[in-house]
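Student: Could you walk me through this one? I would like to go over the charged pairs, and then some of the packing.

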Amino acid sequence: MRFRRLDPNAPAKPPRSTWARMLTAAVAGAVAVLAFAPFGYWPLQILSLGVLFYQVLRAANVKHGALIGWAYGFGWCAAGTHWLYISMHRHGDMAVPFAAIAVALLALLMAIYVALAMGAAAWLRQRWVLSLPAMTLLVLPATWTLFEWTRGWLFTGFPWLATGYAHNVGPLAGYAPIVGAYGLGWLAALSAGALLLLTHRTRWTALGGVIALYAAGIGLQYVNWTHPVGRPITVRLLQGNVPQQQKFDPGFVLGALQMYQNAITSAPADLIATPETAVTVLPHQLPPGYLDSLATYSQQTGSTILVGMPVLDEQQRFYNAALGITPQGAPGPYYQYRKHHLVPFGEFVPPGLHWFVAMMAIPLGDMGRGADVQAPLQVRDQLVLPNICYEDLFGEEIAGQLASAHRNGKQSASVLLNISNLAWFGDSIAIPQHLQISQMRSLETGRPMLRSTNTGATAVIDGKGVVQSLLPPEQQATLAAKVQGMGGMTPYILYGNKLVLALAALALLTAFLLSRAARRGSIAQQ
């Protein structure tokens, strides 16, 4: 591949090459998935973005730049989330062609964000007449980051496989407590842009900048943004390995209830946690005395028990929740955490799309949303903040709960806890991908993350994002560990995504000012 003709102001290649560029971009997007867990070849993610940026710079016009971005996004999403097919076909009884088409349609929709990012970059190139360094170091990384951030919240958001997750290991990980996952994505895009300057006259400046960037990232990994608080707690994280086909079967429910009761009461611990919807029935539908027996065990052993189960409110609205049973029996009879960031089609049905849900045999419904900020669970010296499954994709929301307590003069949670059920997706790459997302939350907040899941990945992650203990997937087992809670505020907790958004905006402003200065210089010469 020759780079010397990358000048964005040089005559573009004829439009007939656009399909070839789209194919190249689609392959590059698919290859980028190898940068994420379980593969972990993070440099491929930077190389993949470099290929995308190169193709966009050679695009004939804005439309072609957007099409190239669309192809890249399709390859990335189709390869990275193909496991959705399992839930729709194997567990939802959707016919093979329809399940495959549904995955492809999702990939095409998610690819629109990349199309808009690359189309915007191509439009700014034409409007501002920018130099190559301004395009690769300022505009392309900024538009990539802004639209990736938009993907994380628009229409409730789908930030799965956001660029930054590939860098929870490697030199860029040290920046996570400052700028979060989207900030790491911006730095990766900046690195990709610098690759395109290796044959440009600014190559040594670009290379030096990247070396300094990565050296600083390595140094930041030794900075302790948080500190130990209180005494460590003992935890037991249950992995039930309940088959998804049987989980909601009325004939199987009593057996699952007995299995979890036995697992909970088999040994005491400061905190005993079950997976999401370990109990699939409402509290009043449980066998008589079921919760009372757990409460008695809690009081006798000093164990705090957190059980994933649905609950009803006073208006008879369902919630996906975690019910906490404490030795003190306070606050109130039971602690409750109610999931607030719901999964489209899994926990609520978007308006006008009930016909799609009717094609599947999955028990779906419109659930209630919990409050954005909820009280943590007191476990001896530690405050444990739960989140349920999909919620740990939204780092700013978790950071916002920690920051809210800090702003109100209260002690913020010192331990994070995710309870999940990924049995919908079998033993696919969804499980290590979700574990990697939890590792990023630990990096951003400087707090340990506990994971209690149905089929995996049940794990203990320390405040540096390192997996300390991990159960094998698809096995019924219990993970016992001792966990030290962490206190203090990272910059990301305090400012969330505002820092990276400000950096992206500053990059675009700088590109605009450089363009205007160049135009004035050109007029002065005339």
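**Salt bridges and packing**

Tutor: Arginine 151 forms a salt bridge with glutamate 148, the closest N and O atoms being 3.3 Å apart, where a salt bridge is a side-chain nitrogen of Lys or Arg within 4 Å of a carboxyl oxygen of Asp or Glu. This is a predicted model, in which local features need pLDDT of at least 70 and side-chain atom pairs count only at pLDDT 80 or more, while totals for chains, interfaces and linings use all residues. Residues are numbered from 1 along each chain as its sequence is written, and side-chain values use heavy atoms, with hydrogens and water left out.

Student: Where do arginine 151 and glutamate 148 lie?

Tutor: Both belong to helix α6 (residues 132–151), three residues apart, about one turn of the helix; helices (H or I, at least four residues) and strands (E, at least two) are DSSP runs, numbered from the N terminus.

Student: And are arginine 151 and glutamate 148 buried or exposed?

Tutor: Arginine 151 and glutamate 148 are both buried, meaning under 20% relative accessible area, with exposed being over 50% and partly exposed in between (1.4 Å probe, protein chains only).

Student: How many salt bridges does the structure hold?

Tutor: There are five salt bridges. One of them pairs arginine 380 with aspartate 270, with the closest N and O atoms 2.5 Å apart. Arginine 380 sits in the loop between β7 (377–379) and β8 (382–388) and aspartate 270 in the loop between α10 (250–264) and β3 (271–273), so the pair ties together parts that are 110 residues apart in sequence.

Student: What does arginine 451 pair with?

Tutor: Arginine 451 forms a salt bridge with aspartate 392, and their closest N and O atoms are 3.8 Å apart. Because arginine 451 is in strand β10 (residues 449–453) and aspartate 392 in the loop between β8 and α13 (395–407), this pair ties together parts that are 59 residues apart in sequence. Arginine 451 and aspartate 392 are buried.

Student: Switching to helices, how do α1 and α3 cross?

Tutor: The axes of helix α1 (residues 18–32) and helix α3 (residues 62–80) come within 7 Å and cross at roughly 30°; axes are lines fitted to C-alpha atoms, for helices over the stretch in contact (heavy atoms within 4.5 Å), and angles run from 0 to 180 degrees between N-to-C directions. That makes α1 roughly parallel to α3, since angles under 35 degrees count as roughly parallel, over 145 as roughly antiparallel, 65 to 115 as roughly perpendicular and the rest as oblique.
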